Amino acid sequence: ESLCEQGDGIRSAVAILASLIVNDYSLFLIDEPEAFLHPPQARTLGNNIVELSENKQCFLSTHNIDLIRGILEKNSSRVRIIKINRNGNKNEMHEVINEDVQKVTNDRNLKYTNILNGLFYSKVVLCEDETDCKFYSAILENLDEKMYQNTLFCAVGGKDQFKIITPLLRSMKIEYEIIADIDLINDSEKLKQLINSIEKNKYSEIKEIHQSFLSKYGEGHGSLGKKQCIIKQEINDLFTDDEYMATTTKMKIKKVLKEANVLELLKTGGISTIPQGQCSKDYKTIKKFLKENSVHILDCGEIERFVPEIDAHGNAWVEEVFKRYSNINDTIYDGAKEFIKDVFGIN
């Protein structure tokens with residue numbers, strides 16, 4: 001097919017590449033070269049611009065992460081990325097370290113997320129999974145449509161990914177908030193790793209209070225703790241004479257193990273399970289400290305507790321919630337709205 005029969009995007013891309021080939025200019029200013037191109041084509045264009053601009057300097061403006069990926073994978077040493085944040089009538093410019101972008105593209109757990117698109121949003125909200133993203137996106141859109149349009153919700157695939165992503169976002173000058181279930185505070189080592197990824201040795205500021213909370217919580221529920229022999233017997237009773245283990249049996253064993261740890265009560269019961277007195281005081285201090293560091297935990301325990309009337313988990317839960325309560329103005333969402341208002345500072 002001839003070039004004149006192609007779409008606007010292809011014709012524009014060819015014109016840019018041809019100009020790089022035939023002109024001896026040392027400097028090129030290119031405005032959004034990816035316009036009207038599909039993602040794979042934008043990536044290929046990025047490759048070709050780098051290849052054809054040898055010994056030349058190009059200034060490109062773009063809102064397309066695929067173009068950036070294509071440029072970086074061809075020759076990242078030639079590239080400097082400047083991110084422009086607009087605050088009111090002022091533009092703030094920050095240089096993005098190429099290596100940080102490549103850490104995301106080279107990490108199999110992060111490569112296929114939408115995290116790099118955060119370069120083009122005012123704020124990124126990191127969630128544990130897609131269920132959270134769907135639910136909180138709908139709530140925020142109802143509360144503040146403009147804020148919703150400028151916010152990227154990103155599922156990272158579990159709490160352990162937070163500590164990997166936060167240093168990269170900070171380096172790339174991307175504002176972020178983290179939303180996690182309350183069991184984020186169950187494990188002192190994991191919480192330590194996350195907080196110290198935000199700022200070196202930051203966990204030391206909350207360590208004693210956190211350890212006190214874990215201790216007081218365990219003491220307050222000591223009668224609920226099970227001895228190992230009882231746990232072993234409960235699991236043995238679940239086995240059958242079948243050659244292979246049924247899925248239902250696996251789920252029941254997991255439930256027994258979860259119930260063996262009294263801290264697991266936090267996930268399903270939230271703050272209602274926290275003993276009064278010092279333990280409750282410690283929790284409030286921890287929550288305030290986390291919020292000051294852009295980490296928000298759910299008082300209700302886990303996202304499903306916002307609408308406990310739906311007996312499901314994960315994606316099945318959020319789908320049923322939206323199906324049964326299609327009007328986001330329904331009072332059933334009031335708890336979730338108050339939480340999101342607090343995360344975003346909405347009055």
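1. Ground rules. This is a predicted model, so local features need pLDDT of at least 70 and side-chain atom pairs count only at pLDDT 80 or more, while totals for chains, interfaces and linings use all residues. Residues are numbered from 1 along each chain as its sequence is written, and side-chain values use heavy atoms, with hydrogens and water left out.

2. Overall build. The protein chain has 16 helices and eight strands; these are DSSP runs numbered from the N terminus, helices being H or I with at least four residues and strands E with at least two. Its C-alpha atoms fill a box of roughly 80 × 50 × 40 Å along the principal axes. Asp24 sits in the loop between helix 1 (8-22) and strand 1 (27-31) and is exposed at 77% relative accessible area.

3. Burial and contacts. Of the 347 residues in the protein chain, 41% are buried (buried is under 20% relative accessible area, exposed over 50%, partly exposed in between; 1.4 Å probe, protein chains only). Take the contacts between residues at least 6 apart in sequence: 69% of them join residues at least 24 apart, a contact being heavy atoms within 4.5 Å.

4. The largest pocket. Its volume is about 1,400 Å³, that is, the space filled by probe spheres set on grid points joined across faces, edges and corners. A pocket here is an open set of points on a 1 Å grid over the protein atoms alone, where a 1.4 Å probe fits, with protein on both sides within 12 Å along at least five of seven lines; lining residues have an atom within 4 Å of a point. There are 36 lining residues, and Leu60, Ile81, Ile82, Lys83 and Ile84 lie nearest the centre. Helix 2 (39-52), strand 2 (57-61), helix 3 (65-75), strand 3 (81-87) and strand 4 (90-96) each give two or more residues to the lining. Strand 3 gives the most, with seven.

5. Aromatic pairs. I count 11 in the structure; rings of Phe, Tyr and Trp (its six-membered ring) pair if their centres lie within 6.5 Å, with planes under 30 degrees apart called stacked, over 60 edge-to-face and the rest tilted. Phe135 and Tyr333 make a tilted pair, at 6.2 Å centre to centre and 40° between the planes. Phe135 is in helix 6 (residues 130-143) and Tyr333 in the loop between helix 15 (314-324) and helix 16 (334-344), so the pair ties together parts 198 residues apart in sequence. Phe135 is buried at 0% relative accessibility, and Tyr333 is buried with 0% as well. Both belong to a cluster linked by ring pairs, along with Tyr136, Phe306, Trp317, Phe322 and Phe339.

6. Backbone check. Where would I look at phi? Most residues other than glycine have a negative phi. Asn201, not a glycine, has a positive phi of about 60° and lies in the loop between helix 9 (188-198) and helix 10. Ser294 also has a positive value, near 65°, and is in the loop between helix 14 and strand 8 (295-297).
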